[in-house]
Amino acid sequence: MKYNFDEVIDRSGTNSVKWDQESLKHLFGESDAIPFWVADMDFKSAQPIIDEIVKRAEHGIYGYSVRPDSYFEAIINWIKRRHGWTIEKEWIEYTPGVVPAINYLIQAFCEPGDKVIIQNPVYYPFSNSIKENGCTVADNTLIFNDDHYEIDFEDFEKKSRDPKVKMFILCSPHNPIGRVWTKEELIRLGDICLKNNVIVVADEIHNDLVFSGYKHIMFGSIREDFRMNSITCTAPSKTFNLAGMEISNIIIPNPEYRRKYKKVLDKNSIGNQNPLSIVALEAAYNKSEDWLDHLLNYLEENIDFIHKYLAENLPKAKLINPQATYLGWLDFREYERSGKKLENFVYHKGKVALDGGTWFGNGGDGFLRINFACPRSLLKEGLKRICTVIKEEYD
Ligand SMILES: Cc1ncc(COP(=O)(O)O)c(C=O)c1O
């Protein structure tokens, strides 16, 4: 095998948030639970990335660093090659992470008391960032229709008309439900936002992790007026398992928006970048595409594995089929509708640490989110624990 994604790598002693026993005790009440929560992978990153980081580390001097032209070219070429969008160097801002960028964007474009639309159930730091910056969440809850999610456009339009609504945070592809939004859906959302002067922040951090049969469309690539009314956040962090490197590409084509954003960055002295992350990004985008294609195959096999395992062992539970991301939205409502009860039961009885559905806001009760970017043997052990305890209690 060219890449061994089955290899189980011991992450203890590496200060991993996901595996750290104190974190597990603090969040789940069980220090020895197996973790399938926070979104990083239990696979080694691609070899060219490791090699470049080692080479740079061996130099021994880790002073303040600038981003060379080759850094921007790597981002521009990647986005052109994988997503068909031609972006310009001047549009690309750096922030150490997409979540910090979202906070700075809220500070740049909203006043305390303003409202920001999100689509629950959604990545929970969105609502934290909105509230921490003195704004209010306007929740356009997604509609769950049998086995898939849809957007409630009528409600979206109604919420957008509120003059207090200044921003919409689009999660595309959507975490945790795994939807890849179609061009038609994006156009409908984008048009409503334009009509109502709502700025679109497109969090596309998962945009490289899309499975066969689906095509991710970058929001800013659709039309010039969308481009000028949006900020797009991408990163190599999810794609290449570089979350701890704290890299993000904040793409802001509109010069006026860029000016406002930079002002907030300057206020907070955000600018320099970790020298290891610079070489990591270049090696990821320039030399690691083949690794990514193999990773996607392995992840798809893990999805099949989950579907089969549930069908055989806990048939009333379902995985909402992910079209993208390595995060699976598991529906246990036929067994338990109380979110808190389900979560505590799986954490304490099953000794498995997953993000609880209730963490993601409205529509999360009775669901758990599983991070399936791990060797299959580990996935199997996690599923076995979950299915065994639920079966014993509810069947
Ligand atoms: C939708 C989404 N945005 C942002 C992040 C985190 O981004 P960062 O680590 O760059 O702050 C995640 C991580 O899971 C995510 O799922």
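Student: Why does Phe367 count as buried?

Tutor: In this predicted model, Phe367 has a relative accessibility of 2%. Buried means under 20%, so Phe367 counts as buried.

Student: What makes Phe144 partly exposed?

Tutor: The relative accessible area of Phe144 is 24%. Buried requires under 20% and exposed requires over 50%, so Phe144 falls in between and is partly exposed.

Student: How many aromatic pairs does the structure hold?

Tutor: There are 27 aromatic pairs. One of them joins Phe43 and Tyr298.

Student: What makes the pair of Phe43 and Tyr298 edge-to-face?

Tutor: The ring centres lie 5.6 Å apart, with 90° between the planes. Pairing needs centres within 6.5 Å, and edge-to-face needs planes over 60 degrees apart, so this pair is edge-to-face.

Student: How do you know that this pair links distant parts of the chain?

Tutor: Phe43 sits in the loop between strand 1 (34–35) and helix 2, while Tyr298 belongs to helix 11 (residues 289–313). The two are 255 residues apart.

Student: Is Phe43 buried or exposed, and what of Tyr298?

Tutor: Phe43 has 6% relative accessibility and Tyr298 has a relative accessible area of 5%. With the cut-off for buried at under 20%, Phe43 counts as buried, and so does Tyr298.

Student: Why is the pair of Phe144 and Phe367 called edge-to-face?

Tutor: Their ring centres are 6.0 Å apart and the planes stand at 85°. Since planes over 60 degrees apart count as edge-to-face, the pair gets that name. This pair also links distant parts of the chain: Phe144 is in strand 5 (residues 143–145) and Phe367 in strand 15 (residues 367–371), 223 residues apart.

Student: What makes Arg376 a charge over the ring of Tyr298?

Tutor: The charged end of Arg376 is 4.2 Å from the ring centre of Tyr298. The limits are 6 Å from the centre and 35 degrees from the ring normal, and Arg376 is assigned as sitting over the ring. Arg188 likewise lies over the face of Phe153, at 4.0 Å from the ring centre.

Student: Why does the largest pocket lie between domain 1 and domain 2?

Tutor: Domain 1 (19–44 + 287–392) and domain 2 (46–284) both contribute lining residues, so the largest pocket lies between them.

Student: How much space lies in the largest pocket, and which residues are closest to its centre?

Tutor: The space is about 1400 Å³. Among the 47 lining residues, Ala39, Asp40, Leu242, Ala243 and Gly244 are the closest to the centre. The lining divides into 26 nonpolar, 10 polar and 11 charged residues.

Technical notes. Residues numbered from 1 in each chain as written. Predicted model: local features only at pLDDT ≥ 70, side-chain atom pairs only at ≥ 80, totals over all residues. Heavy atoms only, no water. 1 Å grid on protein atoms, 1.4 Å probe; cavity = no way out; pocket = protein on both sides within 12 Å on 5 of 7 lines; lining within 4 Å. Points joined across faces, edges and corners; volume = space filled by probe spheres on them. Nonpolar A, V, L, I, M, F, W, Y, C, P; charged D, E, K, R; others polar. Domains from an automatic or database assignment. Phe/Tyr/Trp six-rings, centres within 6.5 Å; stacked < 30°, edge-to-face > 60°. Helix = DSSP H or I, 4+ residues; strand = E, 2+ residues; numbered from the N terminus. Buried < 20%, exposed > 50% of the residue type's maximum accessible area, 1.4 Å probe, protein only.
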